[in-house]
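Have your viewer ready and your selection tool at hand. We will take a short walk together, stop by stop.

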Amino acid sequence: MALASSEEASVIYKQLLDCYRLHGVPNLFSTFNVEMPSEDRCKEQIKASNIDGLFSEFADNVFNNKSREFAYWFGDENLETDNPDIRLYQGLITELINTGFNNQLERNRGVYKITRESSPLLVLAIKFYSSADYNHMRYLGNERIVGLKILGHTYDLTKLVKTKPGSRKHRDQTKRFKKDGFTMCHDEKIVKVATRWYYSRVKYSGPKEFCDKMKGKEFTFDPSNISNEIKPCDEAMGYPRKD
């Protein structure tokens with residue numbers, strides 16, 4: 001949304017992608033096609049209902065081969081400040097956040113409510129998204145398939161992650177997610193709430209202006225309801241709420 005809505009942010013993002021060509025910049029997804037268990041191995045483990053074992057094998061491969069990249073990515077204090085490549089990379093991430101995730105009028109006044117310091121999850125998301133994008137890694141999700149496409153090769157993970165509602169496997173999966181503290185939510189709702197957050201916090205001055213712009217549309221919007229709906233996004237992004 002930020003890249004599609006802002007030409008300035010899009011230019012900065014393209015410069016960020018170019019950073020992965022530099023020797024000093026860690027590229028997490030550069031060898032994910034090597035760390036992924038083979039297709040035959042996936043089929044074998046799925047048939048044996050050893051899903052946890054398959055995830056564990058993949059995680060072990062990643063952490064064993066990518067310890068340097070994870071050390072860089074999961075803590076900005078670990079990044080080498082004397083490395084010019086890293087300084088450029090870090091600076092572009094900060095610039096992208098300032099430009100793409102803050103309201104234009106507030107920026108003109110020198111006000112930035114979303115910053116690198118207040119939104120470590122956004123920093124991490126930008127690193128993950130940009131590295132995956134640079135390595136031509138795509139998530140595939142539709143009625144037919146759920147999987148990953150890496151460097152032109154498609155990994156079909158449908159049987160691994162997709163379950164039929166009401167089935168025992170689906171119930172077990174739901175219990176495991178809830179036990180781990182995750183809130184269950186449909187993908188469509190996540191996209192809808194994230195979009196409303198962007199329009200309320202970045203494109204417009206707040207939920208009220210967003211609702212005013214939506215008048216006459218198919219749905220009726222209420223600023224209070226929108227504010228409550230986007231609260232999880234505010235918390236995740238480190239946006240300073242008044243309530």
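Here is a tour that goes from the whole chain to two residues.

This is a predicted model, in which local features need pLDDT of at least 70 and side-chain atom pairs count only at pLDDT 80 or more, while totals for chains, interfaces and linings use all residues. Residues are numbered from 1 along each chain as its sequence is written, and side-chain values use heavy atoms, with hydrogens and water left out.

**Whole chain.** Show the cartoon first: you have 15 helices and three strands (DSSP runs, H or I of at least four residues for helices and E of at least two for strands, numbered from the N terminus). Of the 243 residues, 40% are buried (under 20% relative accessible area, with a 1.4 Å probe and protein chains only).

**Ser 119.** Next, select the loop between helix 8 (104-108) and helix 9 (120-134), where Ser 119 sits. Ser 119 has a relative accessible area of 0%, so it counts as buried. Now display Met 237: its backbone oxygen is 3.1 Å from a polar atom of the Ser 119 side chain. Beyond neighbours within four places in sequence, Ser 119 contacts Ile 114, Ala 236 and Met 237 (heavy atoms within 4.5 Å).

**Arg 241.** Move on to the segment after helix 15 (231-237), which holds Arg 241. Is Arg 241 buried or exposed? Its relative accessibility is 18%, so Arg 241 counts as buried. Select Asp 234 too, and you will find a polar contact of 2.7 Å between the two side chains (N or O atoms within 3.5 Å, one able to donate a hydrogen and the other to accept it; residues adjacent in sequence count only if both atoms are side-chain atoms). Leaving out residues up to four places away in sequence, Arg 241 also touches others, including Arg 201, Ser 227 and Asn 228.

Key:
Buried < 20%, exposed > 50% of the residue type's maximum accessible area, 1.4 Å probe, protein only.
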